[in-house]
Amino acid sequence: MRLAALIPALALGLAACASTPPDAVRGTGDLGVVIERAAGRVQVVEHSHNVSLGTVAGLGDLSHAHVAFSRDARYAYVFGRDGGLTKVDLLTRRIDKRVIQAGNSIGGSVSQDGRLVVAQNYEPGGIKAFDADTLELLADVPAEYAPGKFSRVVGLADVSGQRFVYALFDANEIRVTDFSDPKKPVTTRYPAGKQPYDGLVTPDGRYFLAGLFGEDGISLLDLWKPEAGARKILTGYGRGEEKLPVFKMPHLRGWSLAAGQAWLPAIGRHEVLVADAGTWAETGRIPVKGQPVFVMARPDGRQIWVNFAFPDNEWVQVIDTVDKRVVHTFSPGKAVLHMEFTPRGESVWLSSRDSNRVSVVDTATFALRKELPADAPSGIFFTSRAQRIGF
Amino acid sequence: MDRPLLLHVAVLLGLTALAVNAAQSAEPPQPDSARQQALVHLVRQDCGSCHGMRLTGGLGPALTPERLAEWPDDALVATIIHGRPGTAMPGWERFLNESEAGWIVARLKQGFPPLD
């Protein structure tokens, strides 16, 4: 009887040993994940030696997946399109916790103190806060803008004081929710421009910028003076010209600031917009190869890397931030969906969905350092995000 | 004329052309198998940017058989080809012709094929 009870326990123990990697004692500062979107799987990668360490499967629909990291950079929170929120242990490469928290989700973020994971959802429209250790639901904050009407939430960013800033695509609003008391969140609403499609906070967490789809311009909220409300910058950049069709929405994150300027995708134009990060006045526009999707500064701010929407998505361009012009154009593969810099920017990893590979490129020489096979890769996320505001 | 009005006219003209086309040939030409594969890829991966790879919706609505059942095929074809003014849906006429859009609509209504 006793022996019979022991056997399953022994089997479990053996299974645990078999899947524990031999290099269990190691840091996580050079780890990351690559989303394999169609397979519902992530690769755990390491950027000191540009290698893949293994995979974690069973993560659901990973189209438009986003990843945030725990404060100790051991766990990746993977947000799936199908509302799945999975806490993946990067060291054991196993699922630690998994919940289905919504019907349709596009991402999330971690609070200043690392204790809360907040998801942003399209269906039901709103945000939800979870305990970062257990994924227990702590607060549900619907984005209700009229009785019974809920907006899709975009651009969620963590800022100081346990606050999260986000925009409402369907309600032309920016909202700030304070989770100082996680079970009693307090939300403040700020009217903004038409159809905000994504948002970012500046690296110091002071300014929230919401890109607008429904009009030319960006809505800007100063979180040090929120009572002044949101104002519009870069208004009328299209100058009344007919927009080109947008075959994929651009993405914004806090890496758009470099050399004292904000570098932003123009909607419906093949241009990167440049604004002074002190006055927010337009200081230039740079013609590029297509509709920009990601406009990302190398961590030192000397270069901006740009990828593009369908049908120009095999191209990547590099802008020099001093000369404000394109200095390099190349194609790492077909359907380049995402880029991620190593923490200090000597390399950038690029995912090419339709070439089934990730390319590691030297940012000084533009030489290809490595290609790693991956199944229809999309997002690439390194643990250095754990220590940054707004990621 | 303003742009939305022009687009509506364009859509109506497109619909008329379709109706004439349909009257002439009951069986619309089918894309060959390589093209069908390319269209499945386009729908799941690139339409999927907004509608989700599983077509369950995102910034764009779900494109499931249940959701599309009430929409006439012609209106869906016109939406694919010309887009929907006032929304984020662009027209895809640079990449597809109407019979290919018709093939996509028919497949969407049946339950769209998976990626190869």
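Strand 14 and strand 15 (residues 163–168) of chain A pair in the antiparallel sense, over 5 bridges. Across this pairing, A:A157 stands opposite A:V165 in strand 15 of chain A. The model is predicted. Chain A holds 1 helix and 34 strands. Chain A is also in contact with chain B.

- Strand 27 (residues 303–308) of chain A pairs with strand 28 of chain A in the antiparallel sense.
- This pairing runs over 5 bridges.
- A:I304 has A:I319, in strand 28 of chain A, as its bridge partner.
- Strand 28 (residues 316–320) of chain A also pairs with strand 29 (residues 325–330) of chain A, again in the antiparallel sense and over 5 bridges.
- Here A:I319 has A:V326, in strand 29 of chain A, as its bridge partner.
- Strands 28 and 29 of chain A form a hairpin, with 4 residues between them.
- In the turn of this hairpin, A:K324 has a positive phi of about 50°.

**Chain A as a whole**

- The radius of gyration of chain A is 21 Å.
- The globule rule gives 21 Å for 391 residues, so chain A is as compact as a globular protein of that length.
- Along the principal axes, the C-alpha atoms of chain A fill a box of roughly 80 × 55 × 30 Å.
- Of the 391 residues of chain A, 52% count as buried.
- Take the contacts in chain A between residues at least 6 apart in sequence: 44% of them join residues at least 24 apart.

**Where chain B meets chain A**

- The contact involves 18 residues of chain B and 20 residues of chain A.
- On the chain B side, 7 residues are nonpolar, 9 are polar and 2 are charged.

Key
Residues numbered from 1 in each chain as written. Chains lettered and ligands numbered in written order. Predicted model: local features only at pLDDT ≥ 70, side-chain atom pairs only at ≥ 80, totals over all residues. Pairing = 2+ DSSP bridges. Helix = DSSP H or I, 4+ residues; strand = E, 2+ residues; numbered from the N terminus. Rg over C-alpha atoms; globule rule 2.2 N^0.38 Å. Buried ≥ 20, exposed ≤ 12 C-beta atoms within 10 Å, placed from the backbone. Contact = placed C-beta atoms within 7 Å. Nonpolar A, V, L, I, M, F, W, Y, C, P; charged D, E, K, R; others polar.
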